[in-house]
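Colleague: Can you walk me through this one? I would like to start with a helix.

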Amino acid sequence: MKKENFLIKMTDISKRFGTVQALDKVNFTVGHKEVVGLVGDNGAGKSTLIKVLTGVYLPDQGEFYFEGKKESINSPKKARDMGIETVYQHLALIDLMSIARNFFLGREPVKKYAKVINFLDRKKINDVARQALKEIGITIRSIDEEVSVLSGGERQAIAIGRAIYFGAKLLVLDEPTAALSIKESQKVLDYVTGAKERGLSVIFITHNIYHVYSVADRFTILEHGKKVGDFNKDEVSAEDIIEVVRTGKRPV
Amino acid sequence: MKNKSKFSSSIALLFRYHPEFGALAGLVLVFIIFCFTATRFLSIESIAGIVTVASELGIIAAGVTFLMITGEFDLSVGTTFGFSAMILAITAKAGIPLWIGFLLALSAAFFIGLVNGIITVKYKIPSFITTLGAMMFWRGILLAVTGGFAIRYWGTSSFLYGLNGHFLGELRTSAIWFFAIIFLLNVILVKTPYGNATYATGGNKEAARILGISVDKIKITNFIICAMLAGLAGCIQFARFHSVDPIRGTGMELEAIAAVVVGGTLMNGGYGNLIGTLFGVLLMGMVRSGLIMSGAPAYWYQAFIGIILVLAVIINTKLKGWAIK
């Protein structure tokens, strides 16, 4: 937090839904190659903050800087174009579509036919998706397989692999280990570390402090739409964080 | 998949990736049955008759398929069918060139689809309701304007011939329109980014939105495609009958939906294709003709279609569930 060199800097972000103040002047930063654990109880404002960051909601107030430049993100597409990739727990992939089609959804490579019609470049789609997933260490049976047959961990893996392939600078993971087996959770945590090693920053939203504690460099804790504090990993133990989330107060 | 033999797992894959397979099997089965029960079922006239009826319904069903894959319904296609046909008939009778009447008819369909799409997307209400309202509203306008009377137009022209004229004896040009539309839409669906976006929108619209797809635009566009195809089908049928009555097309929306669902397309969207609809429509046309030629009263058609519809969905659901295991 000393150097003023952030990938993402959000200042005084407020968002209100009717009578509910979902976010109240929240400051939030993510450094380069940093894994930030965004934690807090239900209704703390984690999801709202992320949806502001990724262009799903417009904030009522506040400023946003990306690589030091002031920006306004008004659509998920813009966030994606800037290099912010979000992997939502249930919204990462389309169940009824193949892995290959999911991988390139919204950014399909095309071959021009008769200089007018853009056809999907099926060969490229299949080859690149297979290769990219392999590089990250994801093994799948067939690239044509429908996503609905995959396990929760495999889905997360594909979504993370996709983000890395498309040159994301910031990966936002929303409850990536919820409802996963122990083995699968560990795999996803390994992908997070792998993403960091490749130079990405990661925001890791979760209820499971132990999961995030093993991979995060820093923790931002929210409570009732306000920030309780930022803690570097060397300052706190996992138990301390749980205590802060439980009581909603900074440790004394 | 480990406990299945290689053969049965490749059959499973076939069903999982080819929603049209069930309808094809049904088509073959019904065909074989009628070959035994119906006299002269295998004649050119009989086949051509089936294709002619199937083509008009099929052009509507093609649009309905596209929209259903997007995750939406259009119950107003029967009304749009009648509305467009009526516009072409009235303008033709008034001496306006047919191609202008045709463009006006398609424009009206475009407008109906656009309104359906915008209302559904903007107010976030089920398209079942939007298009049920549209079905009643435009039908009401049609009845009010015509006073309930049919319009006849006995003129002939190459334009009407192009829409639905005879060729090669008993065949009609409507079949060419039908097959071309099925082919074109299926290419768009399976081979282009737009098709990918359509599947994604129907499969999970929130996920698609987050992945940067303009879900609303895709939906509105597909409402328009669906309505315009219904309008085109109306004009094509007018070219065959040379007359339109204001209740023309009533019930066709449900027949189209039945054909689409028999063809393996999922009601909730995200899964299906046009080839299945092709088989579904042919199956229904075949049942209609085959029953009559087997000597059954025409009323039985509805009863049979009802059974086929429910059976097809049960079988498709079972097959898909079995294939995924």
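Modeller: Helix α4 of chain A covers residues 122–135, which is 14 residues, and reaches 20 Å from its first C-alpha to its last. That is close to the 20 Å expected at 1.5 Å a residue, where the expected span is 1.5 Å times one less than the number of residues. Helices (H or I, at least four residues) and strands (E, at least two) are DSSP runs, numbered from the N terminus. This is a predicted model: local features need pLDDT of at least 70, side-chain atom pairs count only at pLDDT 80 or more, and totals for chains, interfaces and linings use all residues. Residues are numbered from 1 along each chain as its sequence is written, and chains are lettered from A and ligands numbered from 1 in the order in which they are written.

Colleague: Which residues of α4(A) are buried?

Modeller: A:Ile125, A:Ala129 and A:Leu133. Buried means 20 or more other C-beta atoms within 10 Å of the residue's own, exposed means 12 or fewer, and partly exposed is in between, with C-beta atoms placed from the backbone. Down the axis of α4(A), the buried residues fall within an arc of 40°, so they line one face of the helix. The arc is taken from the directions from the helix axis to the C-beta atoms.

Colleague: What covers the buried residues of α4(A)?

Modeller: The cover includes α3 (99–103), β8 and α5 (152–165) of chain A. On the face turned away from the buried side are the exposed residues A:Lys123, A:Gln131, A:Lys134 and A:Glu135. Just after α4(A), A:Gly137 takes a positive phi of about 90°.

Colleague: Changing topic, how many residues of chain A are in contact with chain B?

Modeller: 23 residues of chain A are in contact with 20 residues of chain B; contact means C-beta atoms, placed from the backbone, within 7 Å. On the chain A side, α2 (76–82) and β8 (117–120) each supply at least two residues.

Colleague: What scores does the model get for ipTM and pTM?

Modeller: ipTM is 0.81 and pTM is 0.88. Chain B averages a pLDDT of 91, and 96% of the residues score at least 70; pLDDT is the predictor's confidence in each residue, from 0 to 100.

Colleague: Last one: is B:Ile314 buried or exposed?

Modeller: Exposed, because B:Ile314 has 10 other C-beta atoms within 10 Å. B:Ile314 is found in helix α14 (residues 300–324) of chain B. From B:Val262, B:Ile314 is 52 residues apart in sequence and 9.9 Å apart in space, C-alpha to C-alpha.

How values were computed
Two residues are in contact if their C-beta atoms, placed from the backbone, lie within 7 Å.
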